[in-house]
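Here is a short report on aromatic rings and nonpolar cores. Look at the structure first, then read on.

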Amino acid sequence: MRPAMPTSCPLPPPRSAAAAAMLALLVLAAMGCDKAAAPCPADACPAGFRCEPSSGECQLIQPRQTKEIPLFGAITTVPSPSGPPAVVGYAADRQSLAALDSSGLFYVAGPAAVGGEEPAGQTSAAWRGSDQRLRVAWIRENDRILWLSEQTAGGWKRTKVAGEAVGPLAMTEHKAALTVAYRRADATGLRVATRQAGEAWLIEDVPLPPPPLGQTAPVHDLGRSLSMVSMASGLAVSAYDATYGDLVLAVKVGASWSVSRLFGSDPASGADLGDMGNPAVLAAGPDGELVVAYRDATAGSVVLSRSQGGVMARKTVATGLRAGPNGTQLRDLLGTSLALAVRTDGRAVVAWFNARQWRVGYAVEKPGGTFEPGSLPPGSDGGAEAWPALSVAADGAVWMTWVALQPAHGPAGSRVGQAKILQGVP
């Protein structure tokens, strides 16, 4: 009788023991998730691997290095109708904002886009409209003007949005209106720009949060981290309050804003609970719930919080604490850059940058609510990695994009890496 074959593969070993890890990876790559070549069952392979339907085997995810353009700094990814997402970011060697998608490479702003223009696009955000064309918001830093560039049949159309703007930026579509959130140039607050009929923009100030209970110093540094999401219940904007080290949430319902401190201070006593929210990323779950991924700098961890019955339930996604030599404990700088994606089945994927190791990692939420960590193999050039971004495709597949670095070559030596880390929803 033919012995029963395993339907899942064991977890890959930790990266620390290099020789053992390589051997285990080779073994895992050869093992089958389903030797009968039947369609792969959901979650058949551990994070970092994918199940190949034609063979039923667990295969190590290999990054696809995109050599066309060296982006450097935070990037934005936008889902494409099919295949890898579009990528928008700053091309440091050209001092210009660039967009890369299936139709090619485009320079959106800066001297590579307009001859003689000042460097532009160090800060940007992107969105794809229902017409499948890209919209990119960006700032020209020499005059702090916020612009919108839109992909049209005849090229890129540029519209001035507002002045006295600094990054970071967040962008979404709320009630069919394109919306951009940005930081005031004096860093004392946030503004939201909403496109009206034609090319007019409505600019409004987001109310400042009150100080924590028992504190009197006004908030004077808001928005070093900024995220925004549109939900059926309203427009939600999160920002990091550097004055008190708190994650602040502002929600607009109708024409009214409500602002509260989400994490970092005890709402009942005002006690300081730690430095939380720099950075933080928002997403909307399939049932309309708010999902937040953020860095707890005090605990050295990455946390996911999801609204459940009006309460934000939290769970640790990953921790930077690890064993060191001779019984010591080391702490990685985990989550100084974050990305979040939520699929239609409700499962969240969180990606982060480890600033001590100069690597990116991610974790996938399992059906039971726990998180399974995965990590990408080194790129073909063997360099470092930074600035992860996540994107959910139309079929529910999750793509991870990052900047692969070669420190010896500077910003011009960076490349974009992409990998599908989670298959589509059956």
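## Aromatic pairs

A search of the whole structure finds five aromatic pairs (Phe, Tyr or six-membered Trp rings with centres within 6.5 Å). In one of them, the ring centres of Phe 263 and Tyr 294 lie 4.7 Å apart. Their planes meet at 20°, so the pair is stacked (under 30 degrees). This pair links distant parts of the chain: Phe 263 belongs to strand S19 (residues 256-263) and Tyr 294 to strand S21 (residues 290-296), 31 residues apart. Strands here are DSSP runs of E, at least two residues, numbered from the N terminus.

Phe 353 and Trp 358 pair edge-to-face (planes over 60 degrees apart). Their centres are 5.1 Å apart, with 70° between the planes. Phe 353 is buried at 8%.

## The largest nonpolar core

A nonpolar core is a set of buried Ala, Val, Leu, Ile, Met, Phe, Trp, Tyr and Cys residues joined through side-chain atoms within 4.5 Å. The largest one has 30 residues. Leu 71, Leu 376, Leu 390, Met 400 and Ile 421 touch the most other members. Several strands give two or more residues, including S5 (86-91) and S30 (384-392). Strand S31 gives the most, with six.

## About the model

This is a predicted model: local features need pLDDT of at least 70, side-chain atom pairs need 80 or more, and totals for chains, interfaces and linings use all residues. Residues are numbered from 1 along each chain as its sequence is written, and side-chain values use heavy atoms, leaving out hydrogens and water.

Technical notes:
Buried means under 20% relative accessible area, exposed over 50%, partly exposed in between (1.4 Å probe, protein chains only). Helices (H or I, at least four residues) and strands (E, at least two) are DSSP runs, numbered from the N terminus.
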